Structures are given as C-alpha cells and as structure tokens.
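Please keep the sequence and the structure in view while reading.

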Amino acid sequence: ASGGADGSLVLWNSDGQELRRIARAHAGKAVCCVSFAADGRLASGGVDGSLVLWNSDGQELRRIARAHVGNLVCCVSFAADGRLASGGGDGSLVLWNSDGQELRRIARADAGEPVLCVSFAADGRLASGGWDGSLVLWNSDGQELRRIARAH
C-alpha cells in the first residue's frame, strides 16, 4: 500500500500492479503513512489529522477524525497483537486497541515536537523518534523506559 500527496491510498500486489485506488482517503489531503497488521488490515494517517482502519480489500472499517487534534498523523505502526500506535505533528503518541479505541494518549511524547516515527518490537515494546532528534523507548503500556536525547 502507498499514500501520496494527491490524497489517494493505493493497494498493490506483489508484482507492482495496482489493485485498488481509494481517492480522497483522507478528505483529499495527503496520506502521510500506512502500516499493515498481521491479519491484513491496514491503517493510514493523513494531513487531515485522521487515522483510518481499512480491511485487506480497502473497505473502510473505522475513521478516527481527530486522532491528532489540529495536526497531521506522521506515523503509524501495528503491534503483533493488533494494537496500534500513531505519532502526530502535535507531539503526541497515541496507543489504540485493535478496534481503534484510544487506550492512552501521551502528550508531549517528544518534548512537544512532532513524533516522526514509531515502531513496535515483537515483545510489544515501542520506540518513537521525534523532530528534536530524540529516540524514546516505551513499554507496552506506554510508560517511558528510556530517552536518548540526541539519537539523530
């Protein structure tokens, strides 16, 4: 899957053939990030601040209109258990259950700077990277374990 500045979300097969194009996936605004879950679901985040869950055929399952209030969704990642994390331009890191219900919102996860990347480890721990160059390691419940101030 890929997203672009044209606001579309595109599903591809492994041969690079387009399977489906979803125009206006994020209200016609740029699609910033996509991530697949182990069960084939897809999550996308956009400049419109929304987080959208899709099934493997590209049917919308749930739209969280204000996932990152007043700001874009910079990054999204699925955990092995289906939970989801998103990072936003508002500086927050949000943990979601597999149905898209908010579990925890960590405001100022990167000192108020945008959270640019997020990734789950196999054991459920999480890492996030921020605009300020920091790397933060979190436990599976969103408690900060370690902060490396100048990772980049």
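The points below cover the sheets, the nonpolar cores, selected loop residues and the salt bridges.

The structure is a predicted model. The largest nonpolar core has 14 residues, and another core, of 13 residues, lies apart from it. By the rule applied here, the salt bridges number eight.

- E8 is joined to strand E9 (residues 84-88) by five bridges, and the two strands run antiparallel.
- Val76 has Ser86, in E9, as its bridge partner.

- Val115 has Gly130, in E13, as its bridge partner.

**Nonpolar cores**

- In soluble globular proteins, nonpolar side chains tend to be buried together.
- Within the largest core, of 14 residues, the residues with the most contacts are Ala85, Leu93, Ala109, Val118, Phe120, Leu126 and Trp138.
- Strand E8 (73-78), strand E10 (93-96), strand E12 (115-120) and strand E14 (135-138) are the elements that each give two or more residues to this core.
- E12 makes the greatest contribution to this core, with three residues.
- Ala109 touches Gly91, Ser92, Leu93, Val115, Val136, Trp138 and Arg147, when residues up to four places away in sequence are not counted.
- Apart from this core lies another, of 13 residues, including Cys33, Leu53, Ile64 and Phe78.

- His26 belongs to the loop between strand E3 (18-22) and E4.
- His26 has a relative accessibility of 0% and therefore counts as buried.
- Two polar contacts involve the side chain of His26: one with the side chain of Asp48, at 3.2 Å, and one with the side chain of Ser50, at 2.7 Å.
- With neighbours within four places in sequence left aside, His26 is in contact with Gly7, Val31, Ser44, Gly45, Gly46, Asp48, Ser50, Val52 and Arg63.

**Ala38 and its loop**

- Ala38 is located in the loop between strand E4 (31-36) and strand E5 (42-46).
- The relative accessible area of Ala38 is 80%, so Ala38 counts as exposed.
- Ala38 and Ala79 are 41 residues apart along the chain, and their C-alpha atoms are separated by 8.5 Å.

**Salt bridges**

- The count of salt bridges comes to eight.
- Glu18 and Arg21 form a salt bridge through their side chains (2.9 Å, N to O); Glu18 is partly exposed at 39% relative accessibility, and Arg21 is partly exposed at 42%.
- Asp39 and Arg41 also meet in a salt bridge between their side chains (2.9 Å, N to O).
- In that pair, Asp39 is exposed, with a relative accessible area of 54%, whereas Arg41 is buried, with a value of 12%.
- Arg63 forms a salt bridge with Glu60, their closest N and O atoms being 2.9 Å apart.
- Arg63 is partly exposed, with a relative accessible area of 33%, and Glu60 is partly exposed, with a value of 40%.

Conventions:
Residues numbered from 1 in each chain as written. Predicted model: local features only at pLDDT ≥ 70, side-chain atom pairs only at ≥ 80, totals over all residues. Heavy atoms only, no water. Core = buried A, V, L, I, M, F, W, Y, C linked by side-chain atoms within 4.5 Å. Buried < 20%, exposed > 50% of the residue type's maximum accessible area, 1.4 Å probe, protein only. Helix = DSSP H or I, 4+ residues; strand = E, 2+ residues; numbered from the N terminus. Contact = heavy atoms within 4.5 Å. Pairing = 2+ DSSP bridges. Polar contact = N/O pair within 3.5 Å; in protein donor to acceptor, adjacent residues only side chain to side chain. Salt bridge = Lys/Arg side-chain N within 4 Å of Asp/Glu carboxyl O.
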